[in-house]
Amino acid sequence: MTTTESRPTTTTPPDAEKSQATKETLEDYTLRFAPRSYRRWTPVVVATTALGGIAYMADFSIGAGIGLAHGTGNALVAIAVAAAVIFVTGFPLAYYGARYNIDLDLITRGSGFGYYGSVLTSVIFASFTFIFFALEGSIMAQGLKLGLGLPLWLGYAVSTLMVIPLVIFGMKALSKLQVWTTPVWLVLMVAPLVYLIADDPGTVDRFLSYAGTDGEGGVNPASVLLGAGVCLSLIAQIGEQIDYLRFMPPKTGANKRGWWTAVIMAGPGWVVLGALKQAIGVFLAVYVIAGVGATAAPEPIRQFKGAFDAMMPSWLVIPLAVALVVISQIKINVTNAYSGSLAWTNSFTRVTRHYPGRMVFVLVNLGFALALMEADMFSFLNSILGFYSNCAIAWVVTVATDIGVNKYLLKLSPLQPEFRRGMLYAVNPVGTVAFVAASGLSIAMYFHALGDTLQPYSPVAAAVIAFALTPLMAIVTKGRYYLRRTDDGIDEPLLDAGGNPSAVTLDCHVCHQPYERPDLAACATHGAAVCSLCLSTDKGGDHVLPAQPITG
């Protein structure tokens, strides 16, 4: 068996070395711990790269849709409520990803779901990536239609195909793309807002007094919760942030302040900028609605065209509006394609024990996204996001609760995350039961199965049930289904003296390549070390350690 994620050996011919190096960049440590030897970026670069991935225009559409339907007051409260929930739940996940250098799927495995149990949540996360890829692609197609006259179907294809070359090379290419495009994106986004407020302060009054299509005005719980449910569909964005944060350098005494700043800003802190964009979306939609109508007002290309119209010559308006949309779409959709390919590959490899390579699932994810775009998902955006949010909330709250409550308060969940096959049970009822119950009941509420009165409260139900059942299930099971064994058969410690994953390397006896200590376990038949990917693709289970009686 061979892997495509390892360093070339010193005996490899130069041409083969080049081929292996290319494959290493392509795979980007898809299924495993990200080794220290690969993590050579500073906390600032990692954070900038991660935040560059949230430059999407969907926030403007989401905010506009909520504001036009329920009024500015309800929209702003809904946005704030959702942002608070996303920040609180995202913090423990971001910390674990950055501290232990693993993605959200690997965190989920050891945080209540088990080795195969987290396949379900991987599929949910993959769905998140292609839903939002389709949303961003639709927005770009709208811009290309307005600016270049391209029909929507062709714009959908262009927005899909253009990201493939950028996604192939993973973190190395994405870090450069995000760092260099972020300043341009910020200027194009912020300048028109500042100009409109300075030039005509009355726009603020019209924005704040907008009552929405229901005509009621004021703030009411049902409207707030319906709006918050749509915003909470973005709770799974923390998974994409962690796909970058897992490349953080080790936390040391020298970089402690910068390390924490980067983790907080690029982890849960993404939602601060996201919430601001949603509020700006409401503002711009109210500003342009008189000119373009309620149907077109949620389209970001229409919003920014209207704003640019007020501040610059007409010949410059459409080129700049299209440039903003295209830059934003590229910045987020390379992340959507990248993270989606990781999630699909994780799921497929565990179920089939065959590793086809990440590029296969880049194309699969893009195929799903293109199908949604051609089905005109933009026209029923809020319905899709409202439904999806119930699953996403149940998952993220379950994992965050397991980390915050079961690990640190109840001490029933192992503090150090585990992801290797053989060390975990196939399914852990703690997270699986909590997630299925929370998502199932909240979806039933969303589709009015429990009555019209309770329908707006489905996001609340998803969060509350997941938060309550996760520790309850840990207490009922006494935490016995987290670890299948506590000893991985290797004497070398997993962590160094600073609590960071050890950089000590050992050779995998199956693929004969060196890997850092956290990526290895002892082989059941040979006693030598075997890497996590070889364990994942071991069809007969010959290398997987047997269960170990755990007492206490």
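Buried, in this report, means under 20% relative accessible area, exposed means over 50%, and partly exposed is in between (1.4 Å probe, protein chains only). This is a predicted model, where local features need pLDDT of at least 70, side-chain atom pairs count only at pLDDT 80 or more, and totals for chains, interfaces and linings use all residues. Residues are numbered from 1 along each chain as its sequence is written, and side-chain values use heavy atoms, with hydrogens and water left out.

**Overall picture**

The protein comes to 21 helices and four strands; these are DSSP runs numbered from the N terminus, H or I of at least four residues for helices and E of at least two for strands. Out of 552 residues, 58% count as buried. Take contacts (heavy atoms within 4.5 Å) between residues at least 6 apart in sequence: 79% of them join residues at least 24 apart.

**One side of α13**

Helix α13 spans residues 256–266, and its Trp259, Ala262, Val263 and Ala266 are buried. These residues sit on the same side of α13 because they cover an arc of only 95 degrees around the axis, the arc being that of the directions from the helix axis to the C-beta atoms. What do the buried residues of α13 pack against? Their partners are α2 (43–52), α4 (72–100), α12 (237–245) and α14 (270–292).

Most residues other than glycine have a negative phi.

Leaving out residues up to four places away in sequence, Val427 touches Phe113, Gly114, Gly117 and Thr432. Val427 and Val119 are 308 residues apart in sequence, yet 9.9 Å apart in space, C-alpha to C-alpha.

**Cysteines**

How many disulfides are there? With a disulfide taken as a pair of cysteine sulfur atoms within 2.5 Å, the count comes to zero. Cys523 is in no disulfide, and its nearest cysteine sulfur, that of Cys508, is 8.6 Å away. Cys523 is also buried, at 3% relative accessible area. As for Cys531, its sulfur is 3.4 Å from the closest cysteine sulfur, in Cys534, and that is too far for a bond. Cys531 is buried too, with 0% relative accessibility.

A search of the whole structure turns up six cavities of 30 Å³ or more. A cavity here is a set of points, on a 1 Å grid over the protein atoms alone, where a 1.4 Å probe fits but cannot get out; lining residues have an atom within 4 Å of a point. Grid points are joined across faces, edges and corners, and a volume is the space filled by probe spheres set on the points. The largest cavity has a volume of about 120 Å³. Its lining includes Phe33, Tyr100, Ile102, Gln416, Glu418 and Arg420. By class, that lining has nine nonpolar, one polar and two charged residues. Nonpolar covers Ala, Val, Leu, Ile, Met, Phe, Trp, Tyr, Cys and Pro, charged covers Asp, Glu, Lys and Arg, and the others, Gly among them, are polar.

Technical notes. On a 1 Å grid over the protein atoms alone, a cavity is a set of points where a 1.4 Å probe fits but cannot get out, and a pocket is an open set with protein on both sides within 12 Å along at least five of seven lines; lining residues have an atom within 4 Å of a point.
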